[in-house]
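Student: I would like to learn how to read a few features of a protein model, taking them one at a time. Could you give the general idea before each case?

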Amino acid sequence: MRLAAVHHADGARIGLVSADGETVALLPPGSGTLDDAVRGGPSALQALAEAAVDAPPRPLAEVTLTAPLRRFNRDILATGWNYWDHFDESLGKREGQDPESRPTRPTFFGKGPGTVIGPYDDIAFDPDLSTKWDYEAEVAIVIGKDGRSIPEETALDHVFGYCVANDVSQRDLQRAHGGQWLKGKSVDATMPLGPWITTADEIADPYALRVQCEVNGKLLQDASTGQVAFRFERLIAELSLGMTLRAGDVVLTGTPSGVGNARDPQIFLADGDLVVTRVDRLGELRNHVTRTTLT
């Protein structure tokens, strides 16, 4: 299923998006929110499927999709350097913060939940806060079952589904605070997420997804999830080691090469830019960069 969070005149609704992405069936009021569905397990999904049988489809263009999740347990759990081509393209461009060698285990950081915006919302942009706003197309994993110290062999059993994200980053802030990335990754209203959650049963091979980012019509990132340095099972196993992952947690799986900071000349986002982030079989985000006072 493709489950969307829909803004409707009578409140937030869950929508089931058709396979062609053209229509959406709005579930009746009282079906709860998508956050509820993610936490509700298989029985909640079955109830949604049954409720959708009698829900008439309407054109997707006639409704407003919001961020699929809004009730977060914690920070977004993000992964750095998970495509070696991205790790290598930035060598010597990290302002003295290059590691001595390729990491042998995944690199994790947190992003504040306040970063999350909807699939078509404006990306906040304040040049007084940062002069280096960068794009990073990613696949996001939505956890659907609690677990601690999860073995790699069963890690994908804990995945509710997948969606598209763009980890918009402020590179100067990222370098300015002792080498940790929290500040440069947690600016309000800067991470598009969506456009819906595609449940895990729809994705037979999560390593055959094409990840792309365009800025103003120019394709800047184009890769396959088959290129990841650490597979999704490894990310879940490492994150959950001694730390319980809970249904509703969001895990970003890293960005491929082509980021603006690593280009020559560099490319950074500016007011008015259109950022399109797509992953085949998961959908597309379309967000304008819009000047906003954040300082």
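**Reading the model, feature by feature**

Tutor: P195 has its place in strand 14, residues 191–199, where strands (E, at least two residues) and helices (H or I, at least four) are DSSP runs numbered from the N terminus. This is a predicted model, in which local features need pLDDT of at least 70 and side-chain atom pairs count only at pLDDT 80 or more, while totals for chains, interfaces and linings use all residues. Residues are numbered from 1 along each chain as its sequence is written, and side-chain values use heavy atoms, with hydrogens and water left out.

Student: Which peptide bond joins G194 and P195, cis or trans?

Tutor: Most residues other than glycine have a negative phi, and most peptide bonds are trans. Here the bond between G194 and P195 is cis, with omega of about -10 degrees. The bond from D264 to P265 is also cis, with omega near 0 degrees, and P265 is found in the loop between strand 17 (250–252) and strand 18 (274–279).

Student: Which residue has a positive phi of about 75 degrees although it is not a glycine?

Tutor: That residue is R281, which lies in the loop between strand 18 and strand 19 (283–291). R281 counts as partly exposed because its relative accessibility is 39%, given that buried means under 20% relative accessible area, exposed over 50%, and partly exposed in between (1.4 Å probe, protein chains only).

Student: Is E136 buried or exposed?

Tutor: E136 counts as buried because its relative accessibility is 4%. The residue sits in the loop between strand 10 (133–134) and strand 11, and, leaving out residues up to four places away in sequence, its contacts (heavy atoms within 4.5 Å) include H86, R171, K185 and T255.

Student: How many cavities of 30 Å³ or more does a search of the whole structure find?

Tutor: Rolling a probe the size of a water molecule over the atoms shows where empty space is left. On a 1 Å grid over the protein atoms alone, a cavity is a set of points where a 1.4 Å probe fits but cannot get out, and lining residues have an atom within 4 Å of a point. The search finds one cavity of 30 Å³ or more, and about 140 Å³ of space lies in the largest cavity, a volume being the space filled by probe spheres set on the points, which are joined across faces, edges and corners. Of the 18 residues that line this cavity, the closest to its centre are W81, H86, R171, Q174 and W181. Helix 4 gives the largest share of the lining, three residues.

Technical notes: 1 Å grid on protein atoms, 1.4 Å probe; cavity = no way out; pocket = protein on both sides within 12 Å on 5 of 7 lines; lining within 4 Å.
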